[in-house]
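Welcome! Please look at the structure below, then try each exercise before you read its solution.

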Protein chains: 2
Amino acid sequence: MSAPTATPTRRRILVIGGVAAGMSFATRMRRRDEHAEIIIFERSGHVSFANCGLAYYLGGVITERSDLLLQTPASLGSRFGLDVRVNHNVTAIHPDEHTITVHNHLDNTTTIEPYDELVIATGASAIIPPMPGSERMLQLRNIEDVDALDADLGALDPSTANTVVLGAGYIGIEMAENLIARGLSVTLVQLGPHILRTFDVEMITPIEEHLRAHGVDLRIGTAAIAVHDTTVELSDGSAVAADVVIAAVGVRPQNALAVNAGLTVGAGGGIRVNAGYETSSPHIYAVGDVAEKIGAISGEPGLVALAGPANRDGRYLADTIAGDAVHSPPALGTAIVGVFDLTAASLGSTERALRAAGRNIRVIHTHPVSHAGYFPGAESLSIKLIVDADTDLILGAQAVGRDGVDKRMDVLATATSAGLTASALADLELAYAPQYGSAKDPINHLGYVARNLRDGLSASIQWHEIDAELAAGSVLVDVRTAAEFERGSIPHAINIPLDDLRGRLNELGDRRVIAHCQVGQRGHTAVRILSQNGFDAANLDGGYRTWMAAMG
Amino acid sequence: MSAPTATPTRRRILVIGGVAAGMSFATRMRRRDEHAEIIIFERSGHVSFANCGLAYYLGGVITERSDLLLQTPASLGSRFGLDVRVNHNVTAIHPDEHTITVHNHLDNTTTIEPYDELVIATGASAIIPPMPGSERMLQLRNIEDVDALDADLGALDPSTANTVVLGAGYIGIEMAENLIARGLSVTLVQLGPHILRTFDVEMITPIEEHLRAHGVDLRIGTAAIAVHDTTVELSDGSAVAADVVIAAVGVRPQNALAVNAGLTVGAGGGIRVNAGYETSSPHIYAVGDVAEKIGAISGEPGLVALAGPANRDGRYLADTIAGDAVHSPPALGTAIVGVFDLTAASLGSTERALRAAGRNIRVIHTHPVSHAGYFPGAESLSIKLIVDADTDLILGAQAVGRDGVDKRMDVLATATSAGLTASALADLELAYAPQYGSAKDPINHLGYVARNLRDGLSASIQWHEIDAELAAGSVLVDVRTAAEFERGSIPHAINIPLDDLRGRLNELGDRRVIAHCQVGQRGHTAVRILSQNGFDAANLDGGYRTWMAAMG
């Protein structure tokens, strides 16, 4: 046998929380330090479970409960030499003493555990909105929750039972879909004016319609004000039948340990950390949903409760503790949700938030097909790109459709993280055969539009600017065919089909012209014709389809 | 009406070839210059057809012939004011006179046409390998070809007919699949030792097996030497029955016009162009398959016959002629092909080519699943990443699998074009829900491996280096379970399951250890354990699965 290297200091590293960030940290820490003592304390009875799969287990999509349990304390012990203690609740951190207090629920004992390094990965818990009857609300955060919900739902008679989900964020929507899959009636109650606040209204309205088309009783702009024995009382005066009520209005960092220990937390309750994931107290770190992350777009610390960054940050913290230079990428907030047979994905910031912040932005809507239109199975999708008008950098993206949404969002996430400009999307050489994409991929097309706007070859207005244009005397010209126009049009639009436009310029007088078509492409050609013939012209971005989506 | 701007000079712009690059140029040129005279001469009877869909029309996947015809001369005339002349064959370019000679096949007249700017977009033609009987070979490049093939194939009796495809590149493979779909017997003859030369052997062998499993009689390392009346004679002495013979051994630039006009062409026959797509003769440009492109990895001019770059370059040439600064991104060569229900995609260079060029590279093989393993429908895929060992930049990528291949290749293409390092793939925040990906996406995982290699946390060897390691006295340790080991193992490997490794280090003596598992992940953990215990250790990259694939 080789001579062993000098035995390194056997550090004692404690981890509070054994799911995504905590376990990603612990396994990487072991691979970085074979000799450290690494102990994970997990309050629940399970570690390293598939928290993003819980709703799909309830819906019967994932059929085996064991599939949710990715690792066990025993497997982590034998594979990684980790000391995993489930049903152990950490009740206090003592930074000055470098110790924590741990209560063992199995034998009801309490111990004091010293640490060299302490990692807080307690995650976030479901917010239970305070109201009468809130004790009836169930939640979906861990295996114990899923078992409780499964028992309650299993006791219901699908032909008569009613369920209510409070909150139409990612988890609320996934719950609604899976309750429908289980044959149950679902009312989905959303306080805000729309579901999924990482989307703008014209992008998310089709998803709301899709939820309703699949039988979800969606109540938006509505608050629950009380939970009674068999109903939930809503702010609009109605009451909906409710055998089971699920709270999915959001999560908050489980920061009590940190707060009680005097660690700095931010406005949203996330533990403040530096670029090395270290809290305000030396040798105490925080990763995952309990910790603040720097937003890639805002540059400001905030909360991002997503599995990807949690896993990544746990890993990088281990590298930092192992002695590497600190490395903590900002959080872009790339997220995706399946909504029956539709997919919605987003990253970065919304137009709504950026306009509220006074940012100088350009907005692009496109409605391409998922792959070459002549190949069977091509599906329409809608993409929105929000671009910094000063730098041409990508600030946000949203996409909705049946197919190809995840791929385009991943490409946009990569481009955004890499600092590509929106115009540079035109240059990308993506994998093309007709069943996979288009020779001019939807991503390239976004780049074309961005470059035209950047270079002043095309001007555009947004759907919410039509009224102001009309009020200022602009003429709205629908350049679609007469048949398309007759099937439905924007009020006050006149119809001059694109192929006739060159011959009918004299009908337009000297007014500014807003051209539009179905999706924006013919409108752009119209603007090129008009502006080269001396007109002040702009294209309605995203065309009739975006306008229709915004109108709901 | 607004006062028209001063009438610009009405330029006369001629385009030779009206498919991808030519028509992309022409329509963009019109949008950039409303007043130019733009004439497109197309030798065949059709422009702007779906050349990537031709094989799928023959296979019955695309059912309507009209779906292949994306535009007509009439539609391009009314929409873009383009003068599209099909069945017009340009027979000569006269650079000094700024004219071309055009033969009109419709009325059998010849005219001389002057130009201010001339664009050559004649594409590439199928190589007909010279041999006795080669006049029987059919090809698949345009609508006329597809009509001829459809007629010949339609006359066959599927129960007895035999077809032979020469060449197993992208088009040959697509043809083979679609002939099978049509119920015909197919022999696919490939001169080289493997199909698809943009892949390395261990990545493409599973595709070869897949072709055979679907009934393709694949003959690799075999040349056709003669085509007889009912057979094709092969270099191995055999003869295969052949009612129809299709040549798909490759394409060559249709450069005769350029060569005859004295324009510079490169070694492969592509027209040499500068960064503004201009040939050696001023005001003559070349785009698409007939023109050389600068390789993104090599930095050298070469041939890249792909639809994406052709369309893109046509567009950017129009921008250049319109007065924009030249902009011509290099060609990465991203390509993809469906092979029955598998997908194979690649970009950049192969390990084979880079090693032959003496490049200092790192190679990474992974075998992840397309989305979270606990969610139904997860499919295994194989990814290969080739990294510049000096700069950590991506030099090549290959992926094969049933699902999620196109997405990962598009992300890698974006990262490569953006100049991200391989290690930076670990930082990417991709869209994750369990039906779409993994919290640690296969792309992130490539980054993890790359970073470990870059930082010296793990060393690896390739499948083709095992023999040299064994000869030098290294011990090959299979760290899979005993059950996995018994189902099949690499010769000379000893089995020490990973979970037992810490307790059995004393069995290894002082030899260098090559650890391996099924796909590489446990092997990495083994190397971390070994190296931290004083061993010289390396991981077999890609594990048993890559080795098995290489063994065929």
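The exercises below go from domains to chain contacts and salt bridges.

This is a predicted model, in which local features need pLDDT of at least 70 and side-chain atom pairs count only at pLDDT 80 or more, while totals for chains, interfaces and linings use all residues. Residues are numbered from 1 along each chain as its sequence is written, chains are lettered from A and ligands numbered from 1 in the order in which they are written, and side-chain values use heavy atoms, with hydrogens and water left out.

**Exercise 1.** Describe how domain 1 and domain 2 of chain A meet.

*Solution.* 
Step 1. The contact (heavy atoms within 4.5 Å) takes 18 residues from domain 1 and 15 residues from domain 2 of chain A.
Step 2. Now the area. The size of an interface is often given as the accessible area lost when the parts come together. Buried area is computed with a 1.4 Å probe and summed over both parts; between domain 1 and domain 2 of chain A it is about 1,500 Å², with 61% given by carbon and sulfur atoms.
Step 3. Look for salt bridges (a side-chain nitrogen of Lys or Arg within 4 Å of a carboxyl oxygen of Asp or Glu). The rule finds 2 across this interface of domain 1 and domain 2 of chain A. The side chains of D289(A) and R141(A) meet in a salt bridge, at 3.8 Å from N to O.
Step 4. On the side of domain 1 of chain A that touches domain 2, helix 2 (54-58) and strand 8 (124-126) each supply at least two residues. Helix 2 of chain A gives the largest share, 5 residues.

**Exercise 2.** How many residues of chain A are in contact with chain B, and how much area do the two chains bury?

*Solution.* 
Step 1. Here 95 residues of chain A are in contact with 95 residues of chain B.
Step 2. The two chains bury about 8,100 Å² between them, 53% of it on carbon and sulfur atoms.
Step 3. Across the interface of chain A and chain B, the rule finds 10 salt bridges. R312(A) and E429(B) meet in a salt bridge through their side chains, at 3.9 Å from N to O.
Step 4. Helix 10 (residues 405-418) of chain A supplies the largest share of the side of chain A that touches chain B, 10 residues.

**Exercise 3.** Which strands of chain A hold E113(A) and R85(A)?

*Solution.* 
Step 1. A search of the whole structure finds 72 salt bridges over all chains. The side chains of E113(A) and R85(A) meet in a salt bridge, at 3.5 Å from N to O.
Step 2. E113(A) sits in strand 6 (residues 109-114) and R85(A) in strand 3 (residues 83-86) of chain A; the pair is 28 residues apart and links distant parts of the chain.

Definitions and conventions:
Helices (H or I, at least four residues) and strands (E, at least two) are DSSP runs, numbered from the N terminus.
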